[in-house]
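The sequence and structure come before the details.

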Amino acid sequence: MGLQEYFAQLSRGVDLVAECSGLSAPDLEKMGASAQDAAELISLHTIYFGPTPYTSKQRSAVNAARRNGHTLSTLRHIESFTRRVQGRLATWNLRVELCATPSEQVTAVARRRLREMRAPASIASAHCCASTPMGWLP
């Protein structure tokens, strides 16, 4: 396989991940994948094609990633942001939004959304312990 074919395969993103159906990491390693690449592909396959209570969101994420032509590296990048979210529903909501985002904007959108998700907690903590004699606001 030449470099051109290699990069063409990586650009297939979700479709490349879909081909891991029924395979395990050792199966991929027997095909020539490194242990790290095999584990990553199986992990992405579990996320985008495995069982989940959020099948509609999963389908939306896959379709959006295909529409946007997200590469394997973009999917990895998206998952690096979703790992920072607490709660499965919030994780899926962010994943769907990022899959629907053009790849060159994923980082900016993810950072903005993560800031927004953290904002209510920081605002609440700032108000609860304001400098009053008793540490609370009337």
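Contact here means heavy atoms within 4.5 Å. Helices (H or I, at least four residues) are DSSP runs, numbered from the N terminus. The model is predicted: local features need pLDDT of at least 70, side-chain atom pairs count only at pLDDT 80 or more, and totals for chains, interfaces and linings use all residues. Residues are numbered from 1 along each chain as its sequence is written, and side-chain values use heavy atoms, with hydrogens and water left out.

Two packed helices are described by the angle between their axes and the distance between the axes. Axes are lines fitted to C-alpha atoms, for helices over the stretch in contact, and angles run from 0 to 180 degrees between N-to-C directions.

| Pair | Angle | Axis distance |
|---|---|---|
| H5 (residues 55-67) and H7 | roughly 20 degrees | within 8 Å |
| H6 (residues 72-82) and H7 (residues 88-99) | about 150 degrees | 10 Å |

H5 and H7 are therefore roughly parallel (under 35 degrees). H5 passes H7 in a left-handed crossing; in that hand, the near helix is turned anticlockwise from the far one by less than a right angle. On the H5 side, the contact uses Lys57, Gln58, Ser60, Ala61, Ala64 and Ala65. They meet Leu89, Trp92, Asn93, Arg95, Val96 and Cys99 of H7. These residues divide into seven nonpolar, three polar and two charged. Nonpolar covers Ala, Val, Leu, Ile, Met, Phe, Trp, Tyr, Cys and Pro; charged covers Asp, Glu, Lys and Arg; the others, Gly among them, are polar.

The angle of about 150 degrees between H6 and H7 makes H6 roughly antiparallel to H7 (over 145 degrees). Ile78, Glu79, Phe81 and Thr82 of H6 meet Thr91, Leu94, Arg95, Leu98 and Cys99 of H7. That contact holds five nonpolar, two polar and two charged residues.

Arg95 and Cys99 of H7 meet H5, and Arg95 and Cys99 also meet H6.

**Burial and cysteines**

Is threonine 74 buried or exposed? Threonine 74 lies in helix H6 and is buried (under 20% relative accessible area), at 10%. Its contacts are Ser103 and Val106, not counting residues up to four places away in sequence.

Cysteine 99 is buried, with a relative accessible area of 0%. Cysteine 20 is buried too, at 4%. The structure holds zero disulfides (pairs of cysteine sulfur atoms within 2.5 Å).

Note on methods: Helices (H or I, at least four residues) and strands (E, at least two) are DSSP runs, numbered from the N terminus. Angles under 35 degrees count as roughly parallel, over 145 as roughly antiparallel, 65 to 115 as roughly perpendicular and the rest as oblique. Buried means under 20% relative accessible area, exposed over 50%, partly exposed in between (1.4 Å probe, protein chains only).
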